[in-house]
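Subject: Structure handover

Hello,

Here is the structure for you to look through. Please open it alongside this note.

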Amino acid sequence: MPQLLVAAQGTLRMTAAAFTIAATVGLLFGLARLSRHRLLSRFAVGYIEVVRGTPALTQLFLIYFGLPGVGIVLRAFEAAVIGLGLNGAAYLAEVYRAGIQAIHRGQREAAYSLGMTHLDAMRYIILPQAVRVVLPPMANYAIALLKDTSIASLISAPELMLRARDLSSEYFMPMRLYLLTGLMYLVMAYPLSRIVRFLEDRLSHGR
Amino acid sequence: MTGETWGRAFAKLPDIARALLVGAVTTIQVTIGALIVAILLGVLFAVLKTAPSRALRTVASVYVEVFRAVPVLTQLFVIYFGLAGIGIRLNPLPAAIIGFGINGGAYLTEVFRAGLEAIHQGQFEGAFSIGMTRPMAMWYIILPQAVRVVLPPIGNFAIGLLKDTSIASAVAAPELMFRARSLVEATFLSTQIYLMVAVLYLAMSLPLSRAVRRLEAAMGRGHQA
């Protein structure tokens with residue numbers, strides 16, 4: 001059904017936008033978590049714990065239905081992107097943290113002994129290596145995010161699941177319709193998961 | 001305007017809290033039910049996936065790939081609305097437990113499979129060398145060790161499941177999110193109610209998270225060769 005294909009584009013756009021937010025904000029929180037400034041790391045830990053301890057759906061509802069109460073009104077698509085993005089940021093922050101800490105401490109000490117500042121060591125030594133470690137979990141997250149966009153249908157954001165629900169009241173064939181929807185998600189997600197497995201294999205060599 | 005709603009919210013606090021708590025109990029029920037189904041299915045398909053028979057392995061692989069690529073929401077809709085369309089009417093609660101159980105089973109299959117494979121191949125050979133059959137080796141030697149390896153991932157999965165049950169609100173399962181949405185429709189106190197919902201989920205998930213972290217620490221120590 002062509003309408004489902006159009007809606008699937010909305011899903012992909014939402015995934016891409018939310019992933020961008022999650023990846024960048026997540027990096028900020030990940031670095032904040034590892035910071036030596038106690039206030040900063042405490043704040044990051046608090047954010048991560050709270051966001052990871054509550055469902056994404058609740059966060060979306062808070063942003064879409066709750067924020068208007070304090071004056072901020074967002075459209076459904078934007079609310080979904082921001083909500084999923086901030087949720088993902090908390091998750092990716094932990095991924096970044098684990099990745100950075102996985103780089104042998106000796107690397108950091110060697111960098112300092114060469115006279116690099118903390119920032120330089122991060123930029124030139126640690127982060128480039130951490131990228132390799134962090135890529136598979138991030139790719140796995142991208143796949144999960146693709147599926148999580150279906151939740152945005154519950155705040156009426158324009159994506160695949162919402163269109164499926166609308167069509168189900170028009171066409172009265174819910175089984176066929178939702179199976180078709182499932183198939184579309186499969187078609188979108190399966191190639192991604194093959195890529196992830198390929199990445200995992202390639203990146204685990206030369207360890 | 002906002003000040004007025006907070007005033008109303010505090011006035012109705014006991015009633016709102018009570019309604020939400022009932023939902024939270026249902027959330028826990030769905031979580032436990034689905035967890036049991038998921039563990040049973042996970043063990044079954046993990047064993048299938050490591051079976052000698054190619055046909056069994058393929059069946060298990062298909063199950064895992066399909067149910068991990070499709071969102072839970074879609075699976076719930078197929079089970080609740082789709083089955084109803086062909087005459088099988090389920091109540092929301094069982095539908096949610098079945099849906100999350102089947103979905104979780106696919107995820108746990110991989111966890112259990114990794115756990116099984118983590119047990120050194122030598123254990124199998126040792127078992128065979130004293131005359132055990134493959135099922136016997138599984139039951140007495142491999143599975144008990146695999147359980148230790150597998151406990152932390154199951155714990156983490158349970159926490160994720162607890163949060164995912166919020167999606168069951170879409171098929172009118174009377175859990176926390178669903179109760180919250182009904183209350184918001186009745187009272188229009190969206191900000192306050194959803195904040196309370198967040199607090200309730202935190203109250204349920206944070207203790208679980210801490211327990212899992214302690215479990216992971218305990219498993220890390222005393223690691224056998």
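First, the ground rules. This is a predicted model, where local features need pLDDT of at least 70 and side-chain atom pairs count only at pLDDT 80 or more, while totals for chains, interfaces and linings use all residues. Residues are numbered from 1 along each chain as its sequence is written, and chains are lettered from A and ligands numbered from 1 in the order in which they are written.

**Chain A overall**

Chain A has eight helices and zero strands. Helices (H or I, at least four residues) and strands (E, at least two) are DSSP runs, numbered from the N terminus. The pattern along the sequence is α-α-α-α-α-α-α-α. The C-alpha trace spans about 70 × 45 × 20 Å along its principal axes. Of the 207 residues in chain A, 41% are buried. Buried means that 20 or more other C-beta atoms lie within 10 Å of the residue's own; exposed means 12 or fewer, and partly exposed is in between, with C-beta atoms placed from the backbone.

Contacts come next. Two residues are in contact if their C-beta atoms, placed from the backbone, lie within 7 Å. Take the contacts in chain A between residues at least 6 apart in sequence: 74% of them join residues at least 24 apart.

**Helix 1 of chain A**

Helix 1 of chain A has 32 residues. Its first and last C-alpha atoms are 45 Å apart, close to the 46 Å expected at 1.5 Å a residue. The expected span is 1.5 Å times one less than the number of residues. Its buried residues include A:Ala7, A:Phe19, A:Gly26 and A:Arg33. The buried residues of helix 1 pack against helix 2, helix 4 (76–102), helix 6 and helix 7 of chain A.

**Helix 8 of chain A**

Helix 8 of chain A covers residues 174–203, 30 residues in total. It reaches 43 Å from first C-alpha to last, close to the expected 44 Å. There is a kink of about 25 degrees at A:Ala189, shortly before the proline A:Pro191. The bend at a residue is the angle between axes fitted to the seven residues ending there and the seven starting there.

Among the buried residues of helix 8 are A:Pro174, A:Tyr178, A:Tyr185 and A:Ala189. The partners of its buried residues lie in both chains. In chain A they are helix 1 (2–33), helix 6 (118–148) and helix 7 (160–171). In chain B they are helix 3 (54–69) and helix 4 (72–85).

How do helix 6 and helix 8 of chain A cross, and at what angle? Their axes come within 9 Å and cross at roughly 170 degrees. That makes the two helices roughly antiparallel. Axes are lines fitted to C-alpha atoms, for helices over the stretch in contact, and angles run from 0 to 180 degrees between N-to-C directions. Angles under 35 degrees count as roughly parallel, over 145 as roughly antiparallel, 65 to 115 as roughly perpendicular and the rest as oblique. The residues of this contact divide into 14 nonpolar, two polar and three charged. Ala, Val, Leu, Ile, Met, Phe, Trp, Tyr, Cys and Pro count as nonpolar, Asp, Glu, Lys and Arg as charged, and the others, Gly among them, as polar.

**Where chain A meets chain B**

30 residues of chain A are in contact with 33 residues of chain B. Helix 8 of chain A gives the largest share of chain A's side, 11 residues. By class, that side has 19 nonpolar, 10 polar and one charged residues.

A:Leu186 sits in helix 8 of chain A. It touches B:Val66, B:Ala69 and B:Val70, not counting residues up to four places away in sequence. A:Leu186 is partly exposed, with 18 other C-beta atoms within 10 Å.

**Chain B**

B:Thr109 is in helix 5 (residues 92–118) of chain B. It counts as buried, with 26 C-beta neighbours inside 10 Å. B:Thr109 and B:Ala46 are 63 residues apart along the chain, yet their C-alpha atoms are separated by 4.8 Å.

Two loop residues have positive phi without being glycine. B:Ala172 has a phi of about 65 degrees, and lies in the loop between helix 7 (134–164) and helix 8 (176–187) of chain B. B:Phe188 has a phi near 65 degrees, and lies in the loop between helix 8 and helix 9 (190–220) of chain B.

Best wishes
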